[in-house]
Amino acid sequence: MSAVEARAAAGHVVVIGGGIAGLAAAHRLLQRGVRVTVLEASDRVGGKLLPGEIAGARVDLGAESMLARRPEAIALAREVGLDDRLRPPATSTASIWTRGALRPMPKGHVMGVPGSASALAGVLSDEGLARIGRDADLPRTEVGDDVAVGEFVAARLGREVVDRLVEPLLGGVYAGDAYRISMRSAVPQLFEVARTHASLTEGVRGIQARMAAAPQQGGPVFMGIRGGVGQLPLAVAESVRARGGEIVTGAPVTELRRTAGTSAAWRVVAGERVLDADGVVVAVPAPVAAGLLRAEAPAAAAELAGVEYASMALITLAYRRADISLPEGSGFLVPPVDGRTIKASTFASQKWGWIADENPDLLVLRTSVGRYAETEILQRPDTDLVEVSRHDLKEATGLTAAPVETRVTRWDDGLPQYPVGHHARVDRVREHVAKLPGLAVCGAAYDGVGIPACIASAYAAVDALGPLQPLEPLDGHPVRSAPDGAGE
């Protein structure tokens with residue numbers, strides 16, 4: 001039997017969505033001998049991973065790094081031939097722009113939560129440091145099934161810890177509000193500590209001890225790719241095609257239905273294309289997934305329609321290296337409590353050695369603006385976003401030179417929000433989807449917004465499909481659940 005015949009016997013899966021989750025799912029399915037078609041609505045693959053350039057320099061215009069202490073992204077990069085292009089950051093030092101100055105980013109904390117008050121000296125006021133010390137004397141704080149990170153940490157250590165450190169760190173990941181973000185979903189290590197320890201700082205010290213003893217502790221926390229992590233989806237897509245998979249861009253899916261009277265389980269409509277499939281992986285943002293699932297999985301669709309998103313914009317600026325001098329390190333975070341417009345800045349040429357090597361006469365940096373429910377700033381034109389970025393950069397670093405080129409990249413509804421109870425919503429979605437054989441969901445809306453988490457979500461979706469044998473045709477019309485949401 002030829003490889004093509006083997007794939008035909010194993011079934012055909014349509015992956016809806018060509019971001020990193022959808023591509024990873026397609027890659028895994030092809031490894032298992034399944035025939036795969038990927039349908040992507042836009043004119044490119046990659047989703048929030050977007051390679052680009054500025055003033056001739058290759059840069060990322062979306063996500064720029066991968067968590068290296070989870071295996072999925074690094075392993076996939078190696079599988080698709082990027083092993084020799086993996087690069088750790090050239091510097092691991094960073095700052096926080098708070099209380100009127102750039103201050104070294106504290107060490108000895110877990111997502112901003114310290115093991116002792118001394119870890120945050122220099123960032124917090126004397127009153128804030130003293131408040132941390134009361135944690136050991138406080139009675140246990142019950143967290144129930146879930147709790148907001150900011151709410152719990154403020155109750156144990158005071159609001160200043162949240163406002164000055166937890167908020168900017170979490171905001172850098174989710175563009176969200178620490179007082180709404182689920183501890184169980186966003187920082188599960190801390191949630192376990194909250195469940196099992198009376199003292200939060202004592203529990204954090206336990207996490208730090210376990211991390212110090214872990215075999216991989218000596219390696220980098222983050223990893224990049226020479227040319228930008230936007231190269232990853234391109235390499236995965238190339239591998240998918242080389243293995244016989246089909247990727248179709250400019251193909252928004254308008255209908256997803258179970259089929260009757262055919263050997264295939266699903267019918268997918270994308271424009272004039274009608275595909276019959278034994279399985280479908282839905283790897284698109286929650287609102288799009290809700291629309292696709294409304295006919296066959298109304299309860300799952302109702303849950304997904306409730307997932308909120310935050311929008312943001314990245315402002316990339318290129319300068320002549322001879323014109324400017326930046327502080328050392330990879331950049332800085334900005335607490336919203338200080339009233340600044342930008343929420344972070346990355347000194348890309350200092351963070352990624354390959355950018356500096358390829359462009360010795362340029363210095364590239366970028367800022368980000370936009371948080372959950374913060375819409376006014378994102379309604380401004382690109383020129384205004386550049387100007388407010390330059391204003392804040394001048395205030396933080398003294399940078400006054402004019403950039404030789406700027407680029408603004410807008411990510412409307414780019415980051416799903418994980419409020420308290422998010423894990424239960426995800427469980428309900430998967431419970432409803434599991435009732436329909438040959439259907440699975442994956443992506444940033446479920447188990448984490450980082451690249452490794454999205455890839456892990458894709459692999460879990462492939463596993464959830466189970467054996468892909470063409471199903472027996474239905475005798476009549478498919479039975480549909482009543483559209484009564486989570487109460488079903």
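These are my notebook entries on a few spots I looked up in this structure, which is a predicted model.

**Entry 1: aromatic pairs**

I began with the rings. How many aromatic pairs are there? The count comes to 3. One of them is Tyr 174 with Tyr 418, and I noted it as tilted, with 5.3 Å centre to centre and 50° between the planes. I then checked where the two sit. Tyr 174 lies in helix H6 (residues 159-174), while Tyr 418 is in the loop between strand S21 (405-416) and H16, so this pair ties together parts that are 244 residues apart in sequence.

Are these two tyrosines buried or exposed? Tyr 174 has a relative accessible area of 6%, so I put it down as buried, since the cut-off for that is under 20%. Tyr 418 is buried too, at 1%.

Next I looked at Phe 332 and Phe 347. Their ring centres are 6.0 Å apart and their planes stand at 70°, so I wrote this pair down as edge-to-face; that label needs an angle over 60 degrees. Phe 332 belongs to strand S18 (residues 331-333). Phe 347 is in the loop between strand S19 (344-346) and helix H13 (348-351), and the two are 15 residues apart. Both Phe 332 and Phe 347 are buried. I also found Trp 97 here: ring pairs link Trp 97, Phe 332 and Phe 347 into a cluster.

**Entry 2: a charge over a ring**

What sits over the ring of Tyr 459? I found the charged end of Arg 28 there, 3.6 Å from the ring centre.

**Entry 3: helix H12**

I moved on to helix H12, which covers residues 298-305. Of its 8 residues, 6 are buried, so I called the helix mostly covered, using under 20% relative accessible area as the cut-off for buried. Which residues are buried? My list for H12 reads Pro 298, Ala 299, Ala 300, Ala 301, Glu 303 and Leu 304. I noted that Glu 303 is on that list. Then I asked what covers them, and the cover includes helix H11 (286-293), helix H16 (422-434) and helix H17 (444-447). H16 had already come up, at one end of the loop that holds Tyr 418.

**Entry 4: a patch on the surface**

Last, I went to the outside. Leu 67, Val 221 and Phe 222 form a nonpolar patch on the surface, and together they have about 220 Å² of accessible area. Val 221 is in the loop between helix H9 (200-213) and strand S11 (222-225). With a relative accessible area of 35%, Val 221 is partly exposed.

Methods:
Residues numbered from 1 in each chain as written. Predicted model: local features only at pLDDT ≥ 70, side-chain atom pairs only at ≥ 80, totals over all residues. Heavy atoms only, no water. Patch = residues over 30% accessible without salt bridge, like charges linked within 9 Å, V, L, I, M, F, W, Y side chains within 5 Å. Areas by Shrake-Rupley, 256 points an atom, 1.4 Å probe, with all protein chains shown as cover. Salt bridge = Lys/Arg side-chain N within 4 Å of Asp/Glu carboxyl O. Helix = DSSP H or I, 4+ residues; strand = E, 2+ residues; numbered from the N terminus. Buried < 20%, exposed > 50% of the residue type's maximum accessible area, 1.4 Å probe, protein only. Contact = heavy atoms within 4.5 Å. Phe/Tyr/Trp six-rings, centres within 6.5 Å; stacked < 30°, edge-to-face > 60°. Lys NZ or Arg CZ within 6 Å of the ring centre and 35° of its normal.
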